[in-house]
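Open the model in your viewer and follow the selections below in order. Each stop says what to pick and what is there.

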Amino acid sequence: MTITITAFKDSPDRGQGLARDMRVRWALEEVGQPYEVRLETFKELKQPEHLGRNPFGQIPTYEEGDLVLFETGSIILHIAERHAGLLPKNADARARAITWMFSALSTVEPPILELQTAKIIEGKKPWAEERMPLVKDYIRNRLKQLAARLGDAEWLDGDFSAGDLLMVHVLIRLRPSGLLDEFPNIAAYVARGEARPAYQRAFAAQLAVFKASQAGG
Ligand code: GTB
C-alpha cells in the first residue's frame, strides 16, 4: 500500500533536516519502505483538506490506505510496529525503546522548543536577556542527565531504535546553540545518528525539495 507523507513546500530551514517530516522520512528509510510526499504551503496547511489530516494544521502527516495519522511520535511508533528494524523483538527491550521515544518527545524536546520561543518570539522583549540563560541551563540539566545515562554506549539501550531516532532528531535542533558541544558523548551520539545511511538518504530527499523550489524560482 502506498505511503504518503506531508512536508513543507518551502521549509524555513532551507532543507537542513530540521522540520519534523525528517523523522518520518528517516524511519521509512531505516525500515526500507518507499513513500510519496505531498508538499504543502503554510496556507494549504490551514485549509479544510489538510485539517482533515491534522486538526492542528501541521506537517508531517502519514497516509496509508484509509489510515491517516499525525504526530511524529505516533507515526514513528506505527512504522516501527509494522516493520522490522526500529524496535527490538524482546518485549521488555521493546517497552524500554518506546520509553525512550516518549522521553525524547516529552522530557527532552520541550526545553529545546523553549529555546526557540525565547529566541524567535521573545527575543526582543525586555526580559529576554535575563530569561535566555535560564532556558539554556534548563536544557544543560537535561543534557547532563542524558549524557550520564548514555555514557560511552553507542545507542541509548542496545541496538539503534526508534527511541534513538527521535532523540537524535530532537537534539539536532540544538546544534546552532553550541550546547551539544558541551557534552562530547552526546555530540558523538548525534553524529552517529546522522552518519547512518538511512538518515543520509532522508536528508538528501528533503534537501532536494528545497533545491527544486530554488530552481523553480
Ligand atoms: N507535535 C507535532 C509532531 O511531532 O508531529 C508537531 C508538528 C510541528 O510542529 N510541525 C511544524 C508545522 O507544521 C513543522 S516541524 N508548523 C507549521 C504550523 O504550525 O503552521 C517544526 C519546525 C519547523 C521549521 C523548522 N525550521 O525551519 O528550522 C524546524 C522545525
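Start with helix α1, residues 21-30. The model is predicted, and in it α1 is mostly covered, with 10 of its 10 residues buried. Step along the helix and you pass Asp 21, Met 22, Arg 23, Val 24 and Arg 25, then Trp 26, Ala 27, Leu 28, Glu 29 and Glu 30, each of them buried. Just past the end of α1, select Gly 32, whose phi is positive at about 70°.

**The sheet**

Next, show the strands. There are 4 of them in an open sheet, ordered β2-β1-β3-β4, with mixed pairing. At the edges are β2 (36-40) and β4 (67-70), each of which pairs on one side only. From one strand to the next, the twist averages 20°.

Now bring α1 back into view: this helix packs on the sheet and touches β1, β2 and β3, and its direction makes about 150° with that of β1.

Select β1 (residues 3-8) together with β3 (residues 61-64); the two run antiparallel and are joined by 3 bridges. Within this pair, Ile 3 stands opposite Glu 64 of β3. Helix α4, residues 72-82, also packs on the sheet, where it touches β3 and β4. The direction of α4 makes about 130° with that of β4.

Which residue of β4 is the bridge partner of Glu 64? That partner is Leu 67. The two strands form a hairpin with 2 residues between them, and Gly 65 in the turn has a positive phi of about 60°.

**Backbone stops in the loops**

Most residues other than glycine have a negative phi, and most peptide bonds are trans.

- Pro 60 lies in the loop between α3 (48-51) and β3.
- Arg 14 sits in the loop between β1 and α1. The phi of Arg 14 is near 55°, a positive value in a residue other than glycine.
- Glu 71 is in the loop between β4 and α4. Although not a glycine, Glu 71 has a positive phi of about 75°. Its relative accessible area is 46%, so Glu 71 is partly exposed.

**The helix pair**

Finally, select helix α5 (residues 91-121) and helix α6 (residues 128-150), whose axes come within 9 Å and cross at roughly 155°. Angles over 145 degrees count as roughly antiparallel, so α5 is roughly antiparallel to α6. The crossing of α5 and α6 is left-handed.

To see the contact, show side chains on both helices. On α5, the residues involved are Trp 100, Thr 107, Pro 111, Ile 112, Glu 114, Leu 115, Ala 118 and Lys 119. On α6, they are Arg 131, Met 132, Val 135, Lys 136, Tyr 138, Ile 139, Arg 142, Leu 146 and Arg 149. Colour the contact of α5 with α6 by residue class and it divides into 10 nonpolar, 1 polar and 6 charged residues.

Terms used: Residues numbered from 1 in each chain as written. Predicted model: local features only at pLDDT ≥ 70, side-chain atom pairs only at ≥ 80, totals over all residues. Heavy atoms only, no water. Pairing = 2+ DSSP bridges. Axes fitted to C-alpha atoms, helices over the stretch in contact; angles between N-to-C directions. Contact = heavy atoms within 4.5 Å. Parallel < 35°, antiparallel > 145°, perpendicular 65-115°, else oblique. Left-handed = near helix turned anticlockwise from the far one by under 90°. Nonpolar A, V, L, I, M, F, W, Y, C, P; charged D, E, K, R; others polar. Buried < 20%, exposed > 50% of the residue type's maximum accessible area, 1.4 Å probe, protein only.
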